[in-house]
Amino acid sequence: MMRDILLKTMFRMNVEMITQLERVLCLPTRVVQDLVDEARGQGLVEAMGTLHANSGGEMGYRLSDTGKARALDALSQSEYYGAMPVPMERYGEQVKRQSVRDMKITREQLTGAMGHLILPPELLDHLGPAVGSGRSILMYGPPGNGKSSISNGIRDALGDKIYVPRAVEYSGQVITVYDPIVHSKAEDVVEDPGALRRTGNRFDRRYVLCDRPTVITGGELTLDMLDLVYNPVSRTYTAPLQFKSTGGVFIVDDLGRQAEPPQALINRWIVPLEESKDILALQSGEKFEVPFDTLVIFSTNFHPNKIFDKAALRRIFFKIKIDGPDQEGFLKIFAMVARKKGMPLDEAALVHLLKQKYPTIDNIYANYQPVFLIDQMMAICDFEGIPYQMSPELIDRAWANMFVREEEIVH
């Protein structure tokens with residue numbers, strides 16, 4: 001398989017030098033040279049000498065006619081070429097070395113990542129152990145209280161880096177894993193090629209050093225998005241979302257808004273959550289195990305008892321209720337948002353808001369409301385050409401946009 005990937009890469013990318021092949025195949029020079037020597041011994045590759053331009057005295061190689069025929073034959077089976085895939089078994093060992101379950105999250109780290117949110121102290125008491133365990137978390141509660149923001153804060157708290165394979169191989173099939181949309185690559189250390197000692201971190205270049213990944217899905221999540229994606233043109237596979245999030249966080253936002261019932265989604269996760277392994281299937285129907293090492297966060301506006309049975313709830317390790325703030329918490333958030341946005345506070349406007357407006361909705365506060373009301377008042381001030389300010393009248397105008405009136409629409 002490695003020899004065929006070498007031939008396909010030489011054919012598709014027209015690379016001739018060992019140093020070029022080393023870079024493209026992400027292998028050490030010695031291994032590339034061994035592969036080329038083996039292919040030469042089989043009459044698939046020919047040495048071109050060192051005399052052509054830009055060789056820098058380095059031997060060049062090209063495919064023989066037999067090598068081109070073999071490359072075309074290999075391409076007809078799979079278009080994959082470039083970085084050598086990591087065998088699934090070896091990747092499983094790497095996953096254990098960088099497991100999300102070995103993360104030690106301190107209160108300071110979590111508070112630092114959530115610093116922009118006003119949260120009750122007891123919430124961090126529940127969140128800290130949940131995140132540190134690397135197990136599943138269900139956050140539930142009324143909408144607009146920051147469940148998504150908290151999920152993102154958890155992601156930021158993880159903070160360190162892991163190695164993500166460009167591709168893995170199982171049973172001769174290549175599955176691409178590294179995805180620039182999901183994986184945030186760490187900065188490359190540029191080294192002086194003339195230096196005797198390499199200063200940067202040397203690691204297996206079949207992997208990419210990345211921040212711990214985060215995959216966020218919402219109402220668009222379907223069960224088939226959790227299966228291998230087969231590309232019939234290139235005859236290669238792409239890893240599903242939860243596989244790409246290995247070593248990081250998988251956030252299922254707005255659970256209950258998907259086309260699939262929440263119970264079906266949870267049932268799909270039961271084996272992975274309990275046994276730290278997932279089962280995927282090839283086009284042939286052959287099933288195989290892959291490591292499952294992901295902190296799964298479910299977030300829903302529904303009460304868990306309404307969307308899950310008891311068996312499913314039992315399998316979700318931590319269940320945390322995210323409530324709206326009380327009046328004191330609401331005022332703290334309101335003042336913080338106003339200060340950030342340069343909106344002066346006005347006592348008469350606040351009294352009007354708390355005494356006249358909130359009683360109409362049974363004094364139910366939500367974390368999103370201060371931002372919404374202040375943004376609305378700023379938009380009105382911009383339109384009216386007046387400095388940013390609060391007043392009972394501006395509160396009324398902003399409030400009118402926060403809720404839809406219940407009157408009937410006349411056709």
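**Working through the model**

Modeller: Start with Ser99, found in the loop between helix H5 (88-97) and helix H6 (107-113). Keep in mind that this is a predicted model.

Colleague: Is Ser99 buried or exposed?

Modeller: Ser99 is buried, because its relative accessible area is 9% and the cut-off for buried is under 20%.

Colleague: And what does Ser99 contact, leaving aside neighbours within four places in sequence?

Modeller: Arg212 and Asp293.

Colleague: Switching to helix packing. At what angle do the axes of H1 and H3 cross?

Modeller: Roughly 85 degrees. The axes of H1 (residues 2-13) and H3 (residues 29-41) come within 10 Å. That angle makes H1 roughly perpendicular to H3.

Colleague: Which residues of H1 and H3 meet?

Modeller: From H1, Met2, Arg3, Leu6 and Leu7. From H3, Val31, Leu35, Val36 and Ala39. By class, the H1 contact with H3 has 7 nonpolar residues, no polar ones and 1 charged.

Colleague: Now H7 and H8. How far apart are their axes?

Modeller: 12 Å, with a packing angle of about 55 degrees. H7 covers residues 121-133 and H8 covers residues 147-158.

Colleague: What does that make them, oblique or perpendicular?

Modeller: Oblique, because the angle is about 55 degrees and roughly perpendicular takes 65 to 115.

Colleague: Is the crossing of H7 and H8 left-handed or right-handed?

Modeller: Right-handed. On the H7 side the contact is made by Leu123, Leu127 and Val131. H8 brings Ile150, Ile154 and Leu158.

Colleague: How do the residues of that H7 and H8 contact divide by class?

Modeller: Into 6 nonpolar, no polar and no charged.

Colleague: New topic, strands. Where does Ile175 lie?

Modeller: In strand E7, residues 173-176. Ile175 has a relative accessible area of 2%, so it is buried.

Colleague: What is Ile175 in contact with, beyond neighbours within four places in sequence?

Modeller: Met88, Ala167, Val168, Leu228, Tyr237, Thr238, Ala239 and Phe288.

Colleague: Take Tyr237 from that list. How many residues separate Ile175 and Tyr237 in sequence?

Modeller: They are 62 residues apart in sequence, yet 4.6 Å apart in space, C-alpha to C-alpha.

Colleague: Last topic, aromatics. How many aromatic pairs does the structure hold?

Modeller: There are 13 aromatic pairs. Phe330 and Phe334 make one of them: ring centres 5.8 Å apart and planes at 40 degrees, so the pair is tilted.

Colleague: Where do Phe330 and Phe334 lie?

Modeller: Both are in helix H13 (residues 327-341). They sit 4 residues apart, about one turn of the helix. Phe330 is buried, with 0% relative accessibility. Phe334 is buried too, at 0% relative accessible area.

Colleague: What about the rings of Phe330 and Tyr365?

Modeller: Their centres are 4.9 Å apart and their planes are at 40 degrees, so that pair is tilted. The pair links distant parts of the chain, 35 residues apart. Phe330 is in H13, while Tyr365 is in the loop between helix H14 (347-357) and helix H15 (369-384).

Colleague: Is Tyr365 buried or exposed?

Modeller: Tyr365 is buried, with 7% relative accessible area.

Colleague: Which residues do ring pairs link into a cluster?

Modeller: Phe330, Phe334, Tyr358, Tyr365 and Trp399.

Key: Residues are numbered from 1 along each chain as its sequence is written. This is a predicted model: local features need pLDDT of at least 70, side-chain atom pairs count only at pLDDT 80 or more; totals for chains, interfaces and linings use all residues. Side-chain values use heavy atoms; hydrogens and water are left out. Helices (H or I, at least four residues) and strands (E, at least two) are DSSP runs, numbered from the N terminus. Buried means under 20% relative accessible area, exposed over 50%, partly exposed in between (1.4 Å probe, protein chains only). Contact means heavy atoms within 4.5 Å. Axes are lines fitted to C-alpha atoms, for helices over the stretch in contact, and angles run from 0 to 180 degrees between N-to-C directions. Angles under 35 degrees count as roughly parallel, over 145 as roughly antiparallel, 65 to 115 as roughly perpendicular and the rest as oblique. A crossing is left-handed if the near helix is turned anticlockwise from the far one by less than a right angle, and right-handed if clockwise. Ala, Val, Leu, Ile, Met, Phe, Trp, Tyr, Cys and Pro count as nonpolar, Asp, Glu, Lys and Arg as charged, and the others, Gly among them, as polar. Rings of Phe, Tyr and Trp (its six-membered ring) pair if their centres lie within 6.5 Å; planes under 30 degrees apart count as stacked, over 60 as edge-to-face and the rest as tilted.
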